[in-house]
Structures are given as structure tokens and as C-alpha cells.
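Dear colleague,

Please find below the structure that I am handing over to you.

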Amino acid sequence: MKTSKNPSPQTMRLVAAAIIALSLAACSKEADDTRSPGKKLDDGIAKMEQQSDALKADVQRGANDAALAASAAAQSARQAANDMREQVGSDLTDVGISTTVKARLAADSAIGQPSSIKVEATQGRVVLRGTVATAAAVARAREIALGVQGVVAVDNQLTVTN
């Protein structure tokens, strides 16, 4: 019998096929996965539930963050409204003070010609500008202005006409 040192092409093909088959079997996930189809389904459902719970927690955190942001925005809006209300109230108070001082100056005979007196009020501080006939009228205008509710100070810039 004759023995050859080189294997035949058929033998080579058989050895190659065996190597490939063993390699595929070693690398195959299915060969390692001995779970039943029911167990695979249960595991898939459990994994989906975990992902769903994680997503729900993320959504809840987002909702909480949004609620905090909305609360802060509402507080800021309330503060801005209060600030505006105080400013408008102050402006209205100053207008009321100016109007009252002008009316009282017009009603006082010692003042003379009240149309020559300009009255400005800012935060309760009254400024009197213009001219009057006597030094007594200058002093009386100051007294009248100080007698008006809400007036905290008077800057009397009235001058006496010659």
C-alpha cells in the first residue's frame, strides 16, 4: 500500500468543515443559551420593565424640575407685580400730594397768586418753585405743604418778587 505524505483534497475539505463547525459552535450565542422560549420571553419582559421604570423615573425628575422652575417663575412674577403696585401706588400718592398742596395754596388768601407756584412731589418730598409777593407767603406755603398728609419734607424754592 502506498502512503502519501500530502492529504487528499477531500480530507482537507473535511478537516476545514470540522474546524468551521467547531468554531461556529463555540461562538454561537444559541449554543450557550439554554433558556426555554418562555424564560427568554420573561427575561425580555423584565428587561423592558426595567427600562420603563428608568424612563418613568427620568420623566418624574423632569416633571419635578419643571414644577420647581414654574414655581420660581410664578414667585418672580408675583414679586414683579408687587414692585409695580408699590411704584404705581407711590406715583398716585405723589400726584395726590401735589394736587392737595396746590388746592390748599389756592384756598389760602395769604399766598396771593397760587398760579405762580409750581408743586412737584416725589416719594412724599415736595418742591415748591415760583414767586410770591412776601416773605410771609413763602413761609405760609411751606406750612401748608407740610400740613398735607404724606408729605415727609418740603424744599421751598419760592422767591419774593420785588
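I begin with the charged side chains: Arg-35, Lys-39 and Asp-43 are linked in a network of salt bridges. A salt bridge here is a side-chain nitrogen of Lys or Arg within 4 Å of a carboxyl oxygen of Asp or Glu. Side chains of opposite charge can pair when their charged atoms come close.

Before the details, a word on the source. This is a predicted model, in which local features need pLDDT of at least 70 and side-chain atom pairs count only at pLDDT 80 or more, whereas totals for chains, interfaces and linings use all residues. Residues are numbered from 1 along each chain as its sequence is written, and side-chain values use heavy atoms, with hydrogens and water left out.

Salt bridges

By the rule above, there are six salt bridges. Asp-43 and Lys-39 both belong to helix 3 and lie four residues apart, about one turn of the helix. Helices (H or I, at least four residues) and strands (E, at least two) are DSSP runs, numbered from the N terminus.

How open to the surroundings are these residues? The terms are as follows: buried means under 20% relative accessible area, exposed over 50%, and partly exposed in between (1.4 Å probe, protein chains only). Arg-35 is partly exposed at 36%, Lys-39 is partly exposed at 42%, and Asp-43 is partly exposed at 26%.

Another salt bridge joins Arg-140 to Asp-108, the closest N and O atoms being 2.8 Å apart. This pair links distant parts of the chain, with Arg-140 in helix 4 and Asp-108 in the loop between helix 3 and strand 1, 32 residues apart. Arg-140 is partly exposed, with a relative accessible area of 31%, whereas Asp-108 counts as buried at 15%.

The chain as a whole

The chain has four helices and three strands, and from the N terminus on they follow the order α-α-α-β-β-α-β. Of its 162 residues, 15% count as buried. The chain exposes about 12,300 Å², of which carbon and sulfur atoms supply 58%; accessible areas come from the Shrake-Rupley method with a 1.4 Å probe, and for residues only the protein chains shown count as cover. Among contacts (heavy atoms within 4.5 Å) with a separation of 6 or more, 59% are between residues 24 or more positions apart.

How are the three strands arranged? They form an open sheet in the order 1-2-3, with mixed pairing; two strands pair if DSSP finds at least two bridges between them. Strand 1 and strand 3 stand at the edges with a single partner strand each, so one side of each has no neighbour in the sheet. Neighbouring strands are turned by 10° against each other on average, direction ignored. For such angles, axes are lines fitted to C-alpha atoms, for helices over the stretch in contact, and angles run from 0 to 180 degrees between N-to-C directions.

Strand 1 and strand 2 run antiparallel and are joined by six bridges. For example, Ile-117 has Gly-130 of strand 2 as its bridge partner, and Ala-121 has Val-126. These two strands form a hairpin with two residues between them, and Gln-123 in the turn has a positive phi of about 50°. Strand 2 and strand 3 run parallel, with eight bridges; here Arg-129 is partnered by Gln-157 of strand 3.

The nonpolar core

A nonpolar core is a set of buried Ala, Val, Leu, Ile, Met, Phe, Trp, Tyr and Cys residues joined through side-chain atoms within 4.5 Å. The largest one has 19 residues, and those with the most contacts inside it include Val-101, Ile-117, Val-126 and Leu-158. Helix 3 (37-107), strand 1 (117-122), strand 2 (125-132), helix 4 (135-146) and strand 3 (153-160) each supply at least two residues. Helix 4 gives the most to this core, with five residues.

With kind regards
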